[in-house]
Amino acid sequence: MVREPILGHMIDEELDRELRPRRMKDMVGQREVAARIEIAVDAARKRQEVLGHILFDGPPGLGKTTFATVIPRDLGVPFQIASGAALKAPKDLVPYLTNAEEGSVLFIDEIHRMPKAVEEFLYPAMEDFRIDITLGEGINARTINMPLKPFTLIGATTRTGLLSAPLRDRFIMREHLEFYTVAELAEIVRRNASKLQVEITDEAADEIASRSRGTPRLANNRLRWVRDYTTSRADGRITLDVARAALEMQGIDALGLDNQDRKYLETIIRVFDGGPVGVEAVAHTINTAVDTLTDEVEPFLLRSELVIRTPRGRCVTTAGYNHLGIQPPPPANRERAKKKNATPEADDNQPSLF
Ligand code: ADP
């Protein structure tokens, strides 16, 4: 039996129902991760045991939620969805845990945002399927153990580094999701164009894919925009020219960088002489949250080697300069910039200069 979540956010809003794959076999890419999960799911089903807890990590939009929702569907068990940010105190977690049916899945998105007290409350629930509830206060306080039905916890995080070791260690499987290849994204674009009932040429699908920064969520967003553009400005069929014109109108360049990505690179070059510079200083200068830069902007720029991270901070590479069409400074100037900008705050964990 497949049941939609009984608690948590409205599934329609959260799950992008139209385009999100519903079964593992409908997912594209992440073959190694999918193969390991399929083995674990198959073994749990054959032994009629509860699947072990799984943690997914990786940048936003790569399929963590998708994995977390296809697994219970493939297993045929109910699932609930919670968000780490909304679990402010242990009592917020209690209804999810007591409602969890035997073998069901509880998915906690952004699990790194749970406060320490909630995390600690979760340990016995994950390990021994029980919770410890304290009743009363002061000398009258007593703790009762409440047994839970064995369930599977699936956690998702953009920052494994922020999870405490005891929480991380309680996950039996830890899977890291990587950026997708252009061919994989093109396949997603073609499949979703067909779901959205819009005709698309192979070249146009490749173009949208290559401008999607390795991220299925961006490929879907770009496809939706190109579809709107083609309905309004063209004949409803997505061709290479239409796709390019639509994406250029949104400021998405040939590598898939958007205005924010370019602003980040330009700021490091213009204000900080190409770096090294701490991420906080860049975030303050362009008036953006540090988390947005570290979670959404930097992973792809680092992977594309347009930026590198050094112990003294971020530096734009020669490829980064070239991408923006800016002449890289001679090595002597870069050495000077290194000395000028080098401060302890270049380390991510240090407080800001400003
Ligand atoms: P995350 O939870 O990592 O932020 P999601 O699972 O919400 O990412 O994925 C964002 C969107 O990208 C989904 O709605 C889905 O349509 C699409 N998507 C993600 N992974 C895949 C995949 N492997 N195959 C096809 N589409 C995918």
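How near do the axes of helix 8 and helix 10 come, and at what angle do they cross?

Reply: The axes of helix 8 and helix 10 come within 8 Å and cross at roughly 25°. Here an axis is a line fitted to C-alpha atoms, for helices over the stretch in contact, and angles run from 0 to 180 degrees between N-to-C directions. Helices (H or I, at least four residues) and strands (E, at least two) are DSSP runs, numbered from the N terminus. This is a predicted model, in which local features need pLDDT of at least 70 and side-chain atom pairs count only at pLDDT 80 or more, while totals for chains, interfaces and linings use all residues. Residues are numbered from 1 along each chain as its sequence is written, and side-chain values use heavy atoms, with hydrogens and water left out.

Helix 8 and helix 10 are therefore roughly parallel to each other; angles under 35 degrees count as roughly parallel, over 145 as roughly antiparallel, 65 to 115 as roughly perpendicular and the rest as oblique. On the side of helix 8, Glu 203, Ala 204, Glu 207 and Ile 208 meet Leu 240, Ala 243, Arg 244 and Leu 247 of helix 10, where contact means heavy atoms within 4.5 Å. Sorted by class, this contact has five nonpolar, no polar and three charged residues. In this scheme Ala, Val, Leu, Ile, Met, Phe, Trp, Tyr, Cys and Pro count as nonpolar, Asp, Glu, Lys and Arg as charged, and the others, Gly among them, as polar.

Helix 8 spans residues 202–210, and its residues Ala 204, Ala 205, Glu 207, Ile 208 and Ala 209 are buried. Buried means under 20% relative accessible area, exposed over 50% and partly exposed in between (1.4 Å probe, protein chains only). The cover over these buried residues includes helix 7 (182–195), strand 8 (199–200), helix 9 (216–233), strand 9 (237–238) and helix 10 (240–249).

The axes of helix 4 (residues 90–99) and helix 5 (residues 116–128) come within 9 Å and cross at roughly 30°. That makes helix 4 roughly parallel to helix 5. Their contact has nine nonpolar, no polar and no charged residues.

As for the whole protein, its secondary structure comes to 15 helices and 11 strands. Of its 354 residues, 48% count as buried.
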